[in-house]
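Have a look at the model first, then read on.

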Amino acid sequence: MASPANRSGSVRARDTRWRGALAVLEEMRREPGVTRAAVARRLGLTTGSATEITARLRDLALLAETQAATSGRGRPTTVLGPHPEGPLVIAVDIRQEDWRCAVAALDGAPDVVEAQTHADRDP
């Protein structure tokens, strides 16, 4: 049986790992088309940590990586984006004159699926 101190340490380690993953997703949302190398620099991550975090997020279908354009010497990096099979959010915007329905992936970019004016003035 694990001692309370060991249990608390493992909880802290797990929380720290997920905070890193959340920070990577926030950077991806903040700057569409950002590279893994740029995210690692901004967050102060080692290349190994950035690779481990993005692999975990890929396995969970939260993030996808595509090859970045070559920009000089060194190992090529990847561009981070929402996973094509990842979670989506549906947003409905109802206004006085019209309404819109949109779908957004984890990058937050809405894709309007339907928009119309109201048929009449009655509620």
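Start with Thr-54, which sits in helix α3; helices here are DSSP runs of H or I with at least four residues, numbered from the N terminus. Keep in mind that this is a predicted model, where local features need pLDDT of at least 70, side-chain atom pairs count only at pLDDT 80 or more, and totals for chains, interfaces and linings use all residues. Residues are numbered from 1 along each chain as its sequence is written, and side-chain values use heavy atoms, leaving out hydrogens and water.

**Thr-54 up close**
- Thr-54 is buried, with a relative accessible area of 1% (buried means under 20%, exposed over 50%, partly exposed in between, using a 1.4 Å probe and protein chains only).
- Skipping residues up to four places away in sequence, Thr-54 touches Val-24, Arg-36, Leu-63, Glu-65 and Leu-80, where contact means heavy atoms within 4.5 Å.

- Ala-50, Ile-53, Thr-54, Arg-56 and Leu-57 are the buried residues of α3.
- They cover an arc of only 155° around the axis, so they lie on the same side of α3; the arc is that of the directions from the helix axis to the C-beta atoms.
- Exposed Thr-47 and Asp-59 are on the face of α3 turned away from the buried side.

**The core**
- The largest nonpolar core has 11 residues, including Ile-53 and Leu-57 (such a core is a set of buried Ala, Val, Leu, Ile, Met, Phe, Trp, Tyr and Cys residues joined through side-chain atoms within 4.5 Å).
- α1 gives the most to this core, with 4 residues.

Terms used: Helix = DSSP H or I, 4+ residues; strand = E, 2+ residues; numbered from the N terminus.
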